[in-house]
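Here are a few exercises to work through with the viewer open. Try each one yourself before you read the solution.

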Amino acid sequence: MRATMMTTPLTLTPMLRRAATLYSDIEIISRRPDRSLHRATYGDFARDAVRLGRAFMKAGMQPGERVATLMWNHVEHLAVYFGVPCAGGVLHTLNLRLHPDELAYIANHAGDRTVIVDDVLLPLFAKFKDRVALDRVIVVGSREAAIAAGAIPWDDFLATGDDDWSALPVLDENAPLGMCYTSGTTGKPKGVVYSHRSTVLHSMTVAMVDGLGMSQKDCVLPVVPMFHANAWGIPFATAMVGAKVVMPGPYLDAPSLLELMETEQVTCAAGVPTIWAAILEQLDKAPRQLAPGTRMVVGGSAAPDAMIRAFDRHGLRVIHAWGMTETSPLGSVAHVRSTDGDEEERYATRARQGVPSPTVELRAVDDRGLVPWDDTRSGELQVRGPWVAASYYDQPDAADRWTDDGWFRTGDVVTIDRHGSIKIVDRTKDLIKSGGEWISSVDLENALVAHPAVREAAVIAVPHPKWGERPLAVVVLREGKTATPEELRAFLGEHFAKFQVPDAVEFIDAIPKTSTGKLLKSALRERYAIWSW
Ligand code: AMP
């Protein structure tokens, strides 16, 4: 017997058409470099996306040709997100926080033929553009700056396109749509190539209530950059459902974000914990009239229990999610379960990384095999599913990231509870082994930031003559607060076994971060490699 259903391909084009026809009046607001707010609609965006795609087709773009972006979050970037893939090209978002040498490597490895760059990022682009063979450069923003840089102004390029939707190609759902490079591996950055199908399926999960819960009624603020794992797929999902979108442009500081959240009545914002820690400090100083029940999607690093509780006190609800560039990125989400009992149990559920999204499977493996769901034994998290990478782009030497039976090895170490909810206890290389016992730096960091004087904390393994390694806590204090090492050690001693408590606490002004806002522990390890215990 054969199924009698249509096999309509899952591609971006019907999503763009849906946004254009059903939501043409819904707003997309972008903060400009001069801080002004630019207001457009899905109608404007869809028209520009089609014109852009058609302009590329007329310029001879081949199927699968890479178009890179070096841009902040704004409506033009969104037009590239849809316009390039719907015309058969591949969107490649370059991470503007990387070193120019790394950008040159990535742009060459990806084979980028066009770069679309914000005028304010031209100085960065100038540092690597001569090392990449490009057909054209397009500049968003100032026309004069574009011309001075020998590039094509955005509007001029759009003007070479047309509004002919019917001339857009009929795409295979497995055709490449976009690519992102991850630095979360050893060695050089590695590229993941998403397909139309993986992106459509991922968008539906992002929008699900038990996903990130995005609907037409929402006003969504993606603080997470569009160059970081496609802003977690949010721009695709919001266009799919027709949610109002507020784009922060280059201004990711807490006062600017809070102003947007208040004036536009944002109902859902998404970003890494560092951003929320800063927002929390601001809110503690001066409360704002935010939309009631605002959700804040937190991922990229663990959302500490203390943060979830603190936001609840402000009426803001944290949704904790886990994922990777290799998983599109949404892999799991932590939502309260209907069987959760008291408040403590509900917070414990929400501070975990959660259960796999539908159609994604997770398992943990250690040297004895599959780790049971006892929340005690830990193992490496492995994942598979329709929006999980099956390989890296042109990187055959990284094949060991996949198991023989086809699962992706994440490098995260987890325990799994009886409900199948994962809890990250560390990255494989971040675990501290002291006297043969493992210590989770993540647990210690989460506990430290619950102390009222602590703003940020990183715990690292430092070589120790007797124990092999011992934990050292590196702490940034909140403005105007004080604490002594003894005080913090005693505070940790309330919750941790004696051997787990860091032997020393170092205070510094700022913890070095990676380009995506994660604690750069390798820099700290180097700095404290020689330590007299
Ligand atoms: P990236 O590919 O740069 O997004 O990095 C993915 C990595 O970020 C994962 O393998 C985790 O180590 C980390 N990560 C992402 N989300 C979380 C989370 N909710 N809690 C802890 N770590 C996370």
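**Exercise 1.** In which helix is Ala-231 found? Work out its backbone and burial too.

*Solution.* Keep in mind that we're working with a predicted model.
- Step 1: look up the position; Ala-231 belongs to helix α9, which covers residues 229-232.
- Step 2: check the backbone. Ala-231 isn't a glycine, yet its phi is positive, about 50 degrees.
- Step 3: decide on burial. The cut-off for buried is under 20% relative accessible area, and Ala-231 has 0% relative accessibility, so it counts as buried.

**Exercise 2.** Find the cis peptide bond that joins Ser-328 and Pro-329, and describe its setting.

*Solution.* 
- Step 1: read omega, which is about 10 degrees for the bond between Ser-328 and Pro-329.
- Step 2: look at phi. Ser-328 has a positive value of about 80 degrees, though it's not a glycine.
- Step 3: is Ser-328 buried or exposed? With a relative accessible area of 6%, Ser-328 is buried.

**Exercise 3.** Which residues of helix α4 are buried, and what do they pack against?

*Solution.* 
- Step 1: go through residues 100-110. The buried ones are Pro-100, Leu-103, Ala-104, Ile-106, Ala-107, His-109 and Ala-110.
- Step 2: list their partners. These buried residues pack against strands β3 (66-70), β4 (90-93), β5 (112-118) and β8 (176-182), plus helix α5 (122-126).
- Step 3: see what comes after the helix. Gly-111 follows α4, with a positive phi near 75 degrees.

**Exercise 4.** Characterise the interface of domain 2 and domain 3.

*Solution.* 
- Step 1: Domain 2 is 253-429 and domain 3 is 431-527; their C-alpha centres are 21 Å apart.
- Step 2: count contacts. Domain 2 puts 19 residues in contact with 18 of domain 3.
- Step 3: get the area. The two domains bury about 1400 Å² between them, with 44% of that on carbon and sulfur atoms. On the domain 2 side, Thr-274, Glu-281 and Asp-426 supply 34% of the buried area, more than any other three residues.
- Step 4: check the charges. The rule finds 2 salt bridges across the interface. Glu-281 forms a salt bridge with Arg-455, and their closest N and O atoms are 3.3 Å apart.
- Step 5: sort the domain 2 side. The elements giving two or more residues to it are α12 (273-285) and β21 (422-427), and by class it has 8 nonpolar, 4 polar and 7 charged residues.

Notes
Residues are numbered from 1 along each chain as its sequence is written. This is a predicted model: local features need pLDDT of at least 70, side-chain atom pairs count only at pLDDT 80 or more; totals for chains, interfaces and linings use all residues. Side-chain values use heavy atoms; hydrogens and water are left out. Domain bounds come from an automatic or database domain assignment. Contact means heavy atoms within 4.5 Å. Buried area is the accessible area (1.4 Å probe) that two parts lose on being put together, summed over both. A salt bridge is a side-chain nitrogen of Lys or Arg within 4 Å of a carboxyl oxygen of Asp or Glu. Helices (H or I, at least four residues) and strands (E, at least two) are DSSP runs, numbered from the N terminus. Ala, Val, Leu, Ile, Met, Phe, Trp, Tyr, Cys and Pro count as nonpolar, Asp, Glu, Lys and Arg as charged, and the others, Gly among them, as polar. Buried means under 20% relative accessible area, exposed over 50%, partly exposed in between (1.4 Å probe, protein chains only).
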